[in-house]
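Dear colleague,

I am passing the structure below on to you, together with my notes on what was found in it. Please read the notes alongside the coordinates.

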Amino acid sequence: MIIIADSGSTKTDWCIGNTKTDCQIVQTGGINPFHQSSDEIGRVIASTLVPQLGDTTEFTDIYFYGAGCIPEKSHIVKQALLQSFPKADISVESDLLGAAHALCGTSAGIACILGTGSNSCAYNGEKITANISPLGYILGDEGSGAVLGKRLVGDCLKHQLPDDLCRKFLDEYKLTPAMILDKVYRQPLANRFLASLTPFLSEHRQRAEIHALLVSCFNDFFRRNVMQYEYQGIPAHFTGSIAFYFQEEVKEAARELNVLTENFLKSPMEGLIEYHLGI
């Protein structure tokens, strides 16, 4: 039996099975070796995943893709998995390589993640060959939910959007300028707060001002990330909720810059199942 995992800091999706037709998806809490030790991760797996599986000795291969799983940290997750799956052959890789496998398969391409944060890489069909650092939502993360939200509140508070739209935004989220500043500068997880505002952008995407905001933000993502690779004639593929729900605006920004786009997946798991179980 095979396990495929797609993990972030808040949740982990686990695909259990041997073929595309017999696999099932279960979910547990998030795993990130930057914030958790092997023992902590091991307890999460033992208490929330193993009870959903039954006999763990039948699992022979585990492919784990996760946030924070850089080479220096991947051993933390591997040791945690070995506690519950001592006989399995375990591979632990970054969520970015997971996105590349899911989106590009064995073909060359540019894999992009647009969710709460953003990331991208050039991929040759086997491995990542280049990666422009995303730098987080303060210095980078162009095109991400956090940056879209940051642009929205900044444009509202600096009167760059029509007054009726700004009033509607503040009323809908029951916010005041003082509350926004407190949430961004004093409260934890400001990136998640900012990303939580993106439904307003989707709801009002037909307004010319919001449409221009969205295309401008995705334009920045292409210019400052995708176009730093050898991109001409090579398709850019996307995963993540922002990419999926705003794909028309992403495609419009790409057309303006003559960048090819192809696959859009809400989550990498669909593509990872095809990559590992598609034969």
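Thr116 counts as partly exposed, at 38% relative accessibility, where partly exposed covers the range between buried (under 20% relative accessible area) and exposed (over 50%), with a 1.4 Å probe and protein chains only. Thr116 sits in the loop between β6 (109–114) and β7 (118–123); helices (H or I, at least four residues) and strands (E, at least two) are DSSP runs, numbered from the N terminus. Leaving aside neighbours within four places in sequence, Thr116 is in contact with Ser144, Gly145, Ala146, Asn191 and Ala195, contact meaning heavy atoms within 4.5 Å. The C-alpha atoms of Thr116 and Gly240 are separated by 8.4 Å, although the two residues are 124 residues apart along the chain.

Please bear in mind that this is a predicted model, in which local features need pLDDT of at least 70 and side-chain atom pairs count only at pLDDT 80 or more, while totals for chains, interfaces and linings use all residues. Residues are numbered from 1 along each chain as its sequence is written, and side-chain values use heavy atoms, with hydrogens and water left out.

Two histidines may also be of interest to you. His101, in helix α3 (residues 95–104), is buried, with a relative accessible area of 8%. The side chain of His101 makes a polar contact of 2.8 Å with the side chain of Tyr65 (a pair of N or O atoms within 3.5 Å; within protein, one must be able to donate a hydrogen and the other to accept it, and residues adjacent in sequence count only if both atoms are side-chain atoms). Beyond its neighbours within four places in sequence, His101 is in contact with Tyr65, Tyr123, Glu126, Gly271, Leu272 and Tyr275.

His75, by contrast, counts as partly exposed at 40% relative accessibility, and is found in helix α2 (residues 74–84). A polar atom of the His75 side chain lies 3.4 Å from the backbone oxygen of Glu72, and the C-alpha atoms of His75 and Val92, which are 17 residues apart in sequence, are 7.7 Å apart in space.

As for the whole protein, there are 13 helices and 10 strands, and buried residues make up 50% of the 279 residues. The C-alpha trace spans about 60 × 45 × 35 Å along its principal axes. Of the contacts with a separation of 6 or more, 65% are between residues 24 or more positions apart.
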